[in-house]
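I opened my notebook for a slow walk through this one. Here is what I looked up, in the order I got to it.

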Amino acid sequence: MSTFVKFIIDGKICLSEEGKQLIEAAKENDIYIPTLCNYPGIPPKGSCRICTVLINNRPATACTTKVTENMDIKTSTPELEDFRKAVIELLFSEGNHFCPSCERSGNCELQALAYKYRIAVSRFPYFFPERTIESWHPKLIKDHNRCILCKRCIRGIKNNEGKTIFAYGRRGQYLEINIDPETSKNISDELAEQAMNICPVGAILVKEKGFITPIGKRKYDYNIIGSEIENQ
Amino acid sequence: MSKKLTIEPVTRVEGHGKVTIQLDDKNNVTQTRFHIVEFRGFERFVQGRPYWEAPVLVQRLCGICPVSHHLAAAKAMDVIVGAGTGEGLTPVGEKMRRLMHYGQIFQSHSLHFFHLASPDLLFGYDALPEKRNVINIAIENKDLAVQAVLMRKFGQEVILRTAGKKIHGTGAIPGGINKNLSIKERDELLKGPNPFNADMMIIWAQGAIDFFKNYYKKNKDFIDNFSKFPSNHLSLVRKDGALDLYHGVLRAVDANGKKILNDVDYQDYLEYIREEVRSWSYMKFPYLKQLGPEKGWYRVGPLARLNTVDFIPTPLAQKEFEEYKSITGKVSNVCLHTHWARLIETLHAAEMIKNLLNDPDLQSDNLVVKGKKQKRGVGLIEAPRGTLFHDYEINDDDQIIKCNLIVSTTNNNQPMNEAVNYIAKNMISGKSQITEGLLNAVEVGIRAYDPCLSCATHAYGKMPLEIILINSNGKIVDIKCK
Ligand code: SF4
Ligand code: FES
């Protein structure tokens, strides 16, 4: 039988199963902690740092922390909020994110977070890196301009043999996630669709499907990201 | 000592341009040029992008008529996805796009006539600049100003309900449309509380024509003689010769109305149209290949359209068209008749909007068709300012590898240069004093074409116009900025 623990988030007394991922435990208690590299159901990676909270006054990532009895968690001090904004701004500066023509606009988690934190422009200089589009695959496009290297695709998308269909290519600042020609052969339409949906931005696209959801029906057209948890 | 006059920036036009007028010792005009000084380059940076992105990406080159670019690109992509060349879409696919387009025509034409052009007509081209603007229209003719704002708003509301946003929406996708029109959306436009409904827009569009006709009665001489020169005229026409701003075949007539391009398929436009580059402008100069650059240039837009078409397929606009023709003749080569033609089209757009809103096809769910994939697609549309060409080629991996855009204002490049030349020679030449009013007259000639210089160079920024005065040694003597 699972043991329940009591903990505090932003002054609110919360209950959840012991050992639960803090993100999930907060969600059960109607508290939203922003995430990007985390995806429900796949092992956390802790790479984007946007879920950073204060646990007993020490910063830690909520996606890789398990909840324990009497934890005292702060999710939104002014410092934390500014830190989160900075992380989002860095991601915008580092890639080529042209929301006006991106088919994920309105369904993009990075864009939705930028709106949530009212980011109009990045405080950091834009890199305008030269990146390519990988479009040789019959069903998928990988747009490296938009990839934030969260690796949700690598962790979450596996073919029939349980092998990932995405793979690391290049190194260091040139690191990119490519479509693996071997393991991605003959993937089903459903898996292609899942790959597109697991990506928080518009870096994985199913070919010839762009813009089929009209404006107004997209996930974040009228709802701020996280509001579905906070308004439960 | 000769001089050069420069009008920079040209005002009350979309984009950024300047005019130079070269004068000799006796202030006679020796050379005029309308330069476009901004540059954008969408044709280059669309390369490599997936083809279905083009309708949303390329429309960003304009904030005034993005719908035209959105639809021209979508029409080209229809060809690429094998959905035919304008007639292969499902009824709801085609009609939603038409509704979007007529909303666009209605808002853009209203904006141009009331906000940009009417101050010159109401107050005179030589009135003081502080008088000659839309604010004074609002002060002195409140009803007209309110109508102007609401007509534009109505057009924008049509776009909102078809494209999802008033500016830079996403409605048209390759092979069709991503939404239909709900009954609620339809009724908001069709039965909205007065004055905000399609019927009132028709009445107001008629009122605008009456306003122009009254003005014309009193100022016939000015309108007819301000700027006129023979030219060819080009536009799409429906296969039966009707005015059709969304789709048709390419037709051109000469200055006397003789057909010189006989209803050809626009997929083959490169066989008939060429573009020339001149060192002093970022805007190219298109011409009909058979006639060459000297004689083959043509006008596009409302004036050209009413010269090429045989009739208008909505009754009220057709009646106005007949009256217009009875006065202007078989072909009009008079610049300022463009305003009249534009207002007749505004009425036609309002009638089309009403017809389409009453069409139950708009509530169908059969939104998209696709067929055999093609490597190249050309999409043409009659944008508010004239014929707009989009031409794309893709590779085996669905990436755009080539793009050519000929924008309405580019088509009107030579005509605008001709207008500047005509007005400079007839109004400025030999005058001992060049007043601000005379310089504005040059702008009035350009403004009649409602140019969008940002579109034409695919450019960024605002559009002011400058006039520079240069002497025979090439030294700048005077610069007048707006
Ligand atoms: S492709 Fe998408 S899911 Fe994969 S690493 Fe890049 S951003 Fe993350
Ligand atoms: S969501 Fe926790 S580090 Fe990315």
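Predicted model: local features only at pLDDT ≥ 70, side-chain atom pairs only at ≥ 80, totals over all residues.

**Entry 1: the contact between the chains.**

How much area is buried between chain A and chain B? I get about 1800 Å², and carbon and sulfur atoms give 56% of that area. Which three residues of chain A supply more of its buried area than any other three? I found Glu208(A), Phe211(A) and Ile215(A), which together supply 38% of what chain A buries against chain B. A reminder to myself: interface size is often quoted as the accessible area lost when the parts come together.

**Entry 2: chain A by itself.** I counted 6 helices and 10 strands in chain A. Its C-alpha trace spans about 50 × 45 × 40 Å along the principal axes. I then checked the radius of gyration: a compact globule of 232 residues would have one near 17 Å, and chain A has 18 Å, so the two agree.

Buried residues make up 52% of chain A. Of the contacts between residues at least 6 apart in sequence, 61% join residues at least 24 apart. The accessible surface of chain A is about 11900 Å², with 53% belonging to carbon and sulfur atoms. I also looked at the charges: chain A has 32 positive and 29 negative ones, and their mean positions are 2 Å apart.

**Entry 3: on to chain B.** Here I counted 17 helices and 16 strands. The C-alpha trace of chain B spans about 70 × 50 × 40 Å along its principal axes. For 482 residues a compact globule would come out near 23 Å in radius of gyration; chain B has 22 Å, which agrees.

In chain B, 66% of the residues are buried. Contacts at a separation of 6 or more are 70% between residues 24 or more positions apart. Chain B exposes about 16800 Å², and carbon and sulfur atoms supply 52% of that. Its 62 positive and 54 negative side chains have centres that lie 2 Å apart.

**Entry 4: one residue up close.** I picked Val19(B), which lies in strand S2, residues 17–23 of chain B. Is Val19(B) buried or exposed? Its relative accessibility is 0%, so Val19(B) counts as buried; the cut-off for buried is under 20%.

Technical notes. Residues numbered from 1 in each chain as written. Chains lettered and ligands numbered in written order. Heavy atoms only, no water. Helix = DSSP H or I, 4+ residues; strand = E, 2+ residues; numbered from the N terminus. Rg over C-alpha atoms; globule rule 2.2 N^0.38 Å. Buried < 20%, exposed > 50% of the residue type's maximum accessible area, 1.4 Å probe, protein only. Contact = heavy atoms within 4.5 Å. Areas by Shrake-Rupley, 256 points an atom, 1.4 Å probe, with all protein chains shown as cover. Lys, Arg positive; Asp, Glu negative; His and termini not counted. Charge placed at Lys NZ, Arg CZ, Asp CG, Glu CD. Buried area = accessible area lost by both parts, 1.4 Å probe.
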